[in-house]
Amino acid sequence: MIRDPKDLKRYTASERANHWVVGMSFILLALSGLSFFHPAFFPLNQLFGGPVWARILHPYVGVLMAVSFLIIFLRFFKLNVMTKRDIDWLKRAHEMVNGNDHNMPEQGKYNGGQKALFWALGICMFLMTVSGILIWRAYFHFDITAVRLGVLVHAAVASVMIGMITVHVYAAIWVKGTIRAMWYGTVTRAWAKQHHRGWYRQVTGK
Amino acid sequence: MPLQSLDIKRRSATTTESTQARTPIEVAKLIDVSTCIGCKACQVACSEWNELREEVGENIGVYDNPTDLSAQAWTVMRFSEVETAGKLEWLIRKDGCMHCADPGCLKSCPSPGAIIQYKNGIVDFNEEFCIGCGYCVTGCPFNIPRISKEDGKAYKCSLCSDRVAVGQEPACVKTCPTGAISFGSKEDMTELAARRVEDLKSRGYENAGLYDPAGVGGTHVMYVLHHADKPELYSGLRKDPSISPMVSLWKGVTKPLATLAMASVVLGSLFHYVTKGPNEVSRKVEEEIEKEDAQ
Ligand code: HEM
Ligand code: SF4
């Protein structure tokens, strides 16, 4: 829906749908995966119809996420190439986290933090997919050493990734006016000028 | 299968104590490889007692049949022909679960109570709670558990826990025609083994010995081997087995620590929000845009 014709377009409908498929499958994967991770989380399997169903469904959802992430990755990697100003931004990121963004260097469509997360997630997704396939006993029978390494990597990277996605989601909640980019696909000009001035100037010509 | 008459020492994926009040004796099965003739009566007794029927396979040129453990074959005889000191030896080992004191299968299992260790030492799978993930296969240092193709559950030798619970010996022990398999308290079996080892030594097998590997805390199925210095001769029986360090790392303190780390990221975010406040567009930028619109 168009809210204000002067809002700036950030994402197309298909990009948003793509992101939601990745996001929803990630949540399903995290909840079902955690149920095998430690007994404290075991009851989470009830959300999937019990432990056996959680075990059966998890890898299929994984395949869905791997494919949809790959598409999102190919769509956005060019926009996420790190530049000098991203490094400068990252060096000052602690000031912003501390509540003062007045001295932050001007940013393009994505800031250094978002770009760093993008590449870190790319690596994690790759590791999760490879290790997930190694331990998928319904279809595959890999060498025992590979399976042991797989289960270790899968559990370790899952913890790292859940942490990173928590930060990703929190950043969207913290920076007001961001979440709507995932609903409407647009952001206000003020939002863009404040957080991504380089991109604001590029799209508005100001 | 959990049995009321057997106290449980440990259950899988359980962080509180299991029943600890009673202290029954530890049991053990002793397999004397030197007196085994490979007749497979124990295999038959196992499938009779446990109602298991492996499909009739093909002859692959050696005596191994079935050729591997499966959900329908909880014990198999493994035959190997080896030359030691220029002389051919036919070594026959009855393979199956070792009932480790420190079981890698139980350590790996994510389903509460799907694997239990009774206080008498038997490690038992409770298939009712099995979710079919195969983590027990990943954790076992002896490559024992098998996932059934029919129901997706893990199966292995139960040391006839149902028979032991009512004071009987396992079916294989009862059947063995040469007396190569004995069953009793672990203490008695260790003593019996010592006598057998002494006898073997007196007959020229100077490396004879008991296989009760300390790396897994000892086992409740033990072997008397004529070549205890080279267990690999017996169809790859592992020398000094232990739970893989990768499995220990995966299932050790790392998990509670990772859980703590994930929880602190969530809580950290919440408290960041309430201590720093949300990151709104500044009044100044808003005014600039409003001014633009008014023009
Ligand atoms: C990308 C494709 C993925 C595949 C093919 C996959 C596959 C698997 C498989 C086969 C298992 C063993 C349990 C079962 O058989 O269901 C498993 C466990 C697990 N998965 Fe995944 N998975 C994937 C992605 C993910 C993602 C994105 C997450 C997390 C956020 C995740 C978190 C977990 C966790 C925490 C476990 C339990 C590990 C443990 O027991 O220590 N998985 N996964
Ligand atoms: S031999 Fe394998 S299946 Fe048997 S108790 Fe040890 S770890 Fe478990």
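Modeller: Let's begin with the lining of the largest cavity, sorted by class: twelve of its residues are nonpolar, four are polar and three are charged. Keep in mind that this is a predicted model.

Colleague: What is the volume of the largest cavity, and how many cavities of 30 Å³ or more does the structure hold?

Modeller: The volume of the largest cavity comes to about 160 Å³. The structure has five cavities of 30 Å³ or more.

Colleague: Which residues lie nearest the centre of the largest cavity?

Modeller: Look for Lys29(B), Thr75(B), Lys94(B), Cys157(B) and Cys172(B), which lie nearest the centre among the 19 lining residues. You can also read a lining by element. Here strand S2 (27–32), strand S4 (87–95), helix H5 (171–175) and strand S11 (221–225) of chain B supply at least two lining residues each.

Colleague: Now chain B as a whole. How many helices and strands are there in the secondary structure of chain B?

Modeller: Chain B has nine helices and eleven strands. For the 295 residues of chain B the rule gives 19 Å, but the radius of gyration is 27 Å, well over that, so chain B is more spread out than a compact globule. Along the principal axes, the C-alpha trace of chain B spans about 105 × 45 × 40 Å. As for burial, 53% of the 295 residues of chain B count as buried.

Colleague: Over to the metal. Which protein donors does the iron atom of ligand 1 have?

Modeller: They are His58(A) and His154(A), each through NE2, lying 2.0 Å from the iron atom. These two histidines link distant parts of the chain: His58(A) sits in helix H2 (residues 51–76) of chain A and His154(A) in helix H5 (residues 144–174) of chain A, 96 residues apart.

Colleague: Is His58(A) buried or exposed?

Modeller: The cut-off for buried is under 20% relative accessible area. His58(A) is at 16%, so it counts as buried. His154(A) also has a relative accessible area of 16% and is buried.

Colleague: And where is Leu31(A) found?

Modeller: Leu31(A) is in helix H1 (residues 13–37) of chain A. With 27% relative accessible area, Leu31(A) is partly exposed. From Leu31(A) to Phe48(A) there are 17 residues in sequence and 9.1 Å in space, C-alpha to C-alpha.

Key: Residues are numbered from 1 along each chain as its sequence is written. Chains are lettered from A and ligands numbered from 1 in the order in which they are written. This is a predicted model: local features need pLDDT of at least 70, side-chain atom pairs count only at pLDDT 80 or more; totals for chains, interfaces and linings use all residues. Side-chain values use heavy atoms; hydrogens and water are left out. On a 1 Å grid over the protein atoms alone, a cavity is a set of points where a 1.4 Å probe fits but cannot get out, and a pocket is an open set with protein on both sides within 12 Å along at least five of seven lines; lining residues have an atom within 4 Å of a point. Grid points are joined across faces, edges and corners, and a volume is the space filled by probe spheres set on the points. Helices (H or I, at least four residues) and strands (E, at least two) are DSSP runs, numbered from the N terminus. Ala, Val, Leu, Ile, Met, Phe, Trp, Tyr, Cys and Pro count as nonpolar, Asp, Glu, Lys and Arg as charged, and the others, Gly among them, as polar. Donors are N, O and S atoms within 2.8 Å of the metal (3.2 Å for Na, K and Ca); water is not among the atoms, so sites may look incomplete. Buried means under 20% relative accessible area, exposed over 50%, partly exposed in between (1.4 Å probe, protein chains only). The radius of gyration is taken over C-alpha atoms; the globule rule is 2.2 Å times the number of residues to the power 0.38.
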